[in-house]
2 protein chains.
Amino acid sequence: MTKYLITGFSGFVSRHFLNFLESLNEKVSVCGLDLNEPDFDIKSFKWVVCEFKALDLLQKEEVDNIIYSYQPTHILHLASYSSVAFSWKNPRASFANNTNIFLNLIEQVRQIGIKCKILSVGSSEEYGNVTKENLPLKEEMQLFPVSPYAVARVSQEMLSKVYVDGYGMDIVLTRSFNHIGPYQKEIFVVPSFAKQLCQIKKENGPYNMVTGNLNIIRDFVDVRDVVKAYFMLLHHGKKGEVYNICSGTGTSLQNLVDVMSDYLGISVTCQTNPELVRPSDNQIIIGSNAKLSQDVGWQPAISIEQSLKDIVEYWKSKV
Amino acid sequence: MTKYLITGFSGFVSRHFLNFLESLNEKVSVCGLDLNEPDFDIKSFKWVVCEFKALDLLQKEEVDNIIYSYQPTHILHLASYSSVAFSWKNPRASFANNTNIFLNLIEQVRQIGIKCKILSVGSSEEYGNVTKENLPLKEEMQLFPVSPYAVARVSQEMLSKVYVDGYGMDIVLTRSFNHIGPYQKEIFVVPSFAKQLCQIKKENGPYNMVTGNLNIIRDFVDVRDVVKAYFMLLHHGKKGEVYNICSGTGTSLQNLVDVMSDYLGISVTCQTNPELVRPSDNQIIIGSNAKLSQDVGWQPAISIEQSLKDIVEYWKSKV
């Protein structure tokens, strides 16, 4: 039986990955690790047999024991301090909880010598400041990480490659772009907008919203497409290779607000809060998913309109 | 008064740096940190007022307290687990004792906000596997680190750049090539050869030596030239810039053996031990020192012949 070890188990990506596994109608085992208890019922699945362990991945001995006793066939490493803003305030914690926890994991797999395919999840942040001429971003481009978080991710990627080339381990890498979908926490921009718009709709106003720079263009990809890519890479990705996970198209934040407002049948005025505008932010980020498409046959299946509709429905049920 | 904090204080590079400071006939203060006590007399200097603290740089609180109380104007960060071979056996320890210790240092300087220029010492290993067409290696080249040690050094470099660009800190970076000179430990190739040759000379044979691949060509630079570069960069290096420290010329290991044998007036037969040949080693590494020369006016002053002569004299007095 396939045995997945999932770190960052209680997050929204993991939750969608479990739903995807369940949809395959095949019995699999999952051992989930996270600092926090999941807020979904791990006993609700028919096909996915879940166990959960609350754990700090910096506690190497505990991690070692779990890997040794569970003997995973696949590791989906989602755990991350993924906030760029947090990394500027706490660079050490960001580095430790991205790079060092990853090194702890792969080092134990190496030392006990189990056969195990590992997905190392990275970020589009690794590209750093890019010019429009370089779009869409391709995997072979030189990386210029500009935040502590991005450096931590590039370090993780370089370590992965050394473990593949030097020790023969089976690690596949991603650079994942902005993923969106139901269950995502409102500290992120899209759920934050969705929640505010649902509140405005429910309370009949006031019809205005405070935002950052809405002209920014990002490559948004639905989390359900992302977890499908993770599954495909965990089974068919080429070891040592890095794959962009992105839609290949750009959407402005203004456009997101417009689509969600339209769907709710409201119209809102947006006011820019300069404190929410990050001067070093790239104006536009779009990736190429050609490599992922070519190597494992992945294509995004969920349109941005469908994503936003599902996100709005999710928040309508929450506010 | 200039106050230097030197990590890796008990190593041979630090010892030469202290000698260089002493030669300037100007009073300076030095606080040295190292796991091990120095095997030289720190009270022997006239101009350099030294104190030493035995310390593990992973003990962040202790490091923090020392930086806070000493308030250095300059940090020369020499501490490193610099062996590539060790890093393959202990990737976690290598990473922690290169990247994490460096992050501990710069984070404390950032947090307490002292004005302090930092030299982040890196390695030619960062370039990774290079082709002859890429020689001499220039700083702007893309890096392909191929060992855990090299990854740790590139991570350190990326962190430095983020601390310069994001926090405005004053960090200058090096990629230091193979440095040689008296006091270097015999775990390195040149002192190992020198010691063996001096023993052969003293004991009148047997006139053979076991070695690795002698055809390998490296860019050797005298440690006394290196510490001069460190001093110049600590005072005049441009922040955020990385500088090769190298001679700009290549010498084969066979040539080193020949020069030292000639100087000793002996002739030895070298036998290759396949275990000492590392298959992934680059055949030839030569760097360009044009940037260092242009920005701070550094030029290597000690010829390879003079270096080897001094090294042989050092080992003659030891065996």
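1. Directly after helix α4(A), A:Gly113 adopts a positive phi of about 70°. Helices here are DSSP runs of H or I with at least four residues, strands are runs of E with at least two, and both are numbered from the N terminus. This is a predicted model, in which local features need pLDDT of at least 70 and side-chain atom pairs count only at pLDDT 80 or more, while totals for chains, interfaces and linings use all residues. Residues are numbered from 1 along each chain as its sequence is written, and chains are lettered from A and ligands numbered from 1 in the order in which they are written.

2. Helix α4 of chain A covers residues 91-112, and its end C-alpha atoms are 31 Å apart, in agreement with the 32 Å that its 22 residues should span at 1.5 Å a residue (expected span: 1.5 Å times one less than the number of residues). A kink of about 30° is centred on A:Asn97, the bend being the angle between axes fitted to the seven residues ending there and the seven starting there.

3. Chain A comprises 10 helices and 13 strands. Its C-alpha trace spans about 60 × 45 × 40 Å along the principal axes.
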